[in-house]
Amino acid sequence: MENAIETFSLTKKFKELKAVDEISLSVKKGELFGFLGPNGAGKSTTIRMLCTLLTPTSGSAKVAGFDIVREPEKVREHIGLVSEKMIMYDRLTAYENLRLFGKLYGLEPSRLNDKIDELLALVNMEKWRDTQIGKFSTGMKQRINVIRALLHEPDIVFLDEPTLGLDPHATKEVREFVQKLNTRGTTVVITTHIMYEADMLCHRIGIIDKGKIVALDTSKNLKKMISGEDVSIFEIELKDRKEEIINELKSTKGISSVITSLENPNVIKVHANGENSFDIIIDAIRKQKGKIVTMKDLEPTLEDVFIKLTGRELRDSVSDKVKAHRPHQAPKRIR
Amino acid sequence: MKRLLRETAWIAHKDLLEFSRNRFAVVMLIVVPMFMMLMTGFIFPSENTLKDTPVAIVDYDKYSEDRNYTVMFLDTLYSTNNRTNLFVFSNAETENDAKKCITRGDISGAIIVPEGFSSAISNNIQTNITILTDQSNPQVSLMLSSIVSNILESIGEKISTMKVAKMLANGTEQQNGTYNTNYNTNSTLGKAYAIVKPYTVKTKSTVEGTTNYYQFMAPGLITMVVMMSVMMGLPRAISHEKEIGTLDGMMVAPIRRISIILGKTLAQSARGMLQGTIILLLAVFIFGITIHGSIALAYLLMLLGVFSFIGLGIVLTSFASDEETAMMVMTAIQFPMMFLSGVFYPIQQMPWFMQIIAKFLPLTYAVDAMRKVLVLGATLEDIFLDVSVLLGFGLVMIAIAVPAFKYAMAR
């Protein structure tokens, strides 16, 4: 068996909304695969289908060699899920939480206790074994949440936004742990909306937007898509931002996108094609009597890939998370 | 099968462990039924509610020459009250004074003895006593007038018995043949009393002991709490876990879906039965009810109640997408069931259309059976109809629930 995961036109519709739209891809055994996309793009829905928590509307998928619809029990035996919401009971201790799930996976008592101790040691949580989870910090909770998915030594581990809401230190810890897990031979599928995370962790990245995979390759190759096409990216700080300048840039031939920084409205990011892109941009700004403070030539990032593919910035598309969680719920009518 | 049971047991164990760590919830387990019993128990006035009730006496016969019977009347009234402590008596000069005191709320009622009361009785003329009540408080006023009338009438009976006894002793013309010269002997008094009151009425129940409202309510409350724990607790527990995301952890484990439901049901039933037991103990040791039936049968009934509501609980779980919806649906079902199933009020007291609704509620049958078992000492044979209805309802609901749950879980 070459591939850990294979999907064939996997589709999930919630009423009229296509949350996942005919996704076909494969994840190799031992690979660290990432889904990158804005919230609501369909990352979680895809993972939930692969974990047998949702039934696809059409299409199919094989996880660890088993069909997710016809053999869900077999799939479940081979996978571990680190969900975006922590799967833990605050009133139980770390040990009690781990024991419960170990029992549900049918682990023998003696082996279970060894396994719990081993995993707790792996994340340096031995001394918190008998403390109720509710007293933990978010970072500590997430450590337990992650090892909870590893009790039965699954072949494939799914991590849905595992660093969401963590402080920088805990984020780093989780990322390192994911890498460690992968080097020990576990296939890892991770979702994130942070480019940096996908860039540094994943062997291959599937960029997902509006339920569709818009690109799938290694980080290096994805970035080549831009440089290979002779696209230059400039970060320009204007002295005084004017809408006329932005509009002029947008309508100039050879400039594919103009995006304003969220932190500073005077800073814009411009994608331009062609050898004389530098001159085109400066001419356009001058034409509207704009003044340039600084202008930097940037190396392409995954963010730029996303911009090129969708015409939007990743951060632009941040929709509210509640909607992303339960897209099947129709918005309530307001009277 | 063994695996299913083990998984079920572990999920139930988890739920109960979680619950036992929640100290507030554990305390509420005892406090809530206690509150319910206290409140519902005291809303219904019983003789216990009338204790040291302030009542005024207006004696218009105070200045009459013949006061024998008035004095006797008042003495009897006072001595009766010394035994029962129902009232605290005060004196008022006139009826208007008494009315004013009632309006001010100083007294709850007044007893008015008219002028010439004693002489009227002496001369065998019918006279009257007025009871003045406080209309702003109909419950107390009703209790007061019925208790005071009872006392006054028994005093009246005593007076007439004495008079008849005197007649029997003096008037040979009424009784031909022998008679006793001493009218005060017991046999004459007995005879006289028999003439005054030709028969007495005695209420006898099928079991010994006195009944109080708790005797009526406790079995109903036990049944309701146990059954509701499954019907309400199950959707609440599952939708809560769905909301906080922990349900995914169980769903993604290689266990059968049904063991999640079974485990939760087991935990909820255990909690319900524990609460039922607490109510039973409270009822016996604090509210003084007597249990005449078999405790084992009572617990069997609780289990049957749980069984009949499992299906309903699962159906509700399947349709409640989040905790808030679940709670709203619960409340909508709980309230009519609580009040129409004869837990607090007898069904016979309800208007006809409510009685019809009550006939369709399974809780009605469970409450009825439990009451018969605990209060009347009924056997399984006596409650056969109730038991069959509950079993039938349970089976039908489970038949609906299983496909509904499967559908809901695969969304």
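I took two strands as paired where DSSP finds at least two bridges between them, and I took helices (H or I, at least four residues) and strands (E, at least two) as DSSP runs numbered from the N terminus. With that settled, I looked up V58(B) and found that its bridge partner in β3(B) is I112(B).

The model is predicted, so I kept local features to pLDDT of at least 70 and side-chain atom pairs to pLDDT 80 or more, while totals for chains, interfaces and linings use all residues. Residues are numbered from 1 along each chain as its sequence is written, chains are lettered from A and ligands numbered from 1 in the order in which they are written, and side-chain values use heavy atoms, with hydrogens and water left out.

**Sheet of chain B.** I traced an open sheet of 4 strands in chain B, in the order β2-β1-β3-β4, with mixed pairing. I noted an average twist of 25° from one strand to the next. Strands β1 (residues 53-59) and β3 (residues 109-113) of chain B pair in the parallel sense, over 5 bridges.

Helix α4 (residues 95-104) of chain B touches β1, β2, β3 and β4 of chain B, and its direction makes about 30° with that of β4(B). Helix α6 (residues 138-170) of chain B also touches β1, β2, β3 and β4 of chain B, but its direction makes about 165° with that of β4(B).

**Second largest pocket.** I listed the elements that each supply at least two residues of its lining, and they include α5 (138-148) of chain A as well as α1 (2-21) and α8 (213-244) of chain B. The largest share, 11 residues, comes from α8(B).

**Confidence.** For pLDDT, the predictor's confidence in each residue from 0 to 100, chain B averages 83, and 92% of the residues score at least 70. Among the elements of chain B, α1(B) has the highest mean pLDDT (91) and helix α7 (residues 186-196) the lowest (79). Over residues 172-181 of chain B pLDDT stays under 50, and there the model has 9 contacts beyond four places in sequence. Where pLDDT is low, the predicted coordinates should not be read in detail. I also recorded the model's scores, ipTM 0.77 and pTM 0.73.

Key. Axes fitted to C-alpha atoms, helices over the stretch in contact; angles between N-to-C directions. Contact = heavy atoms within 4.5 Å.
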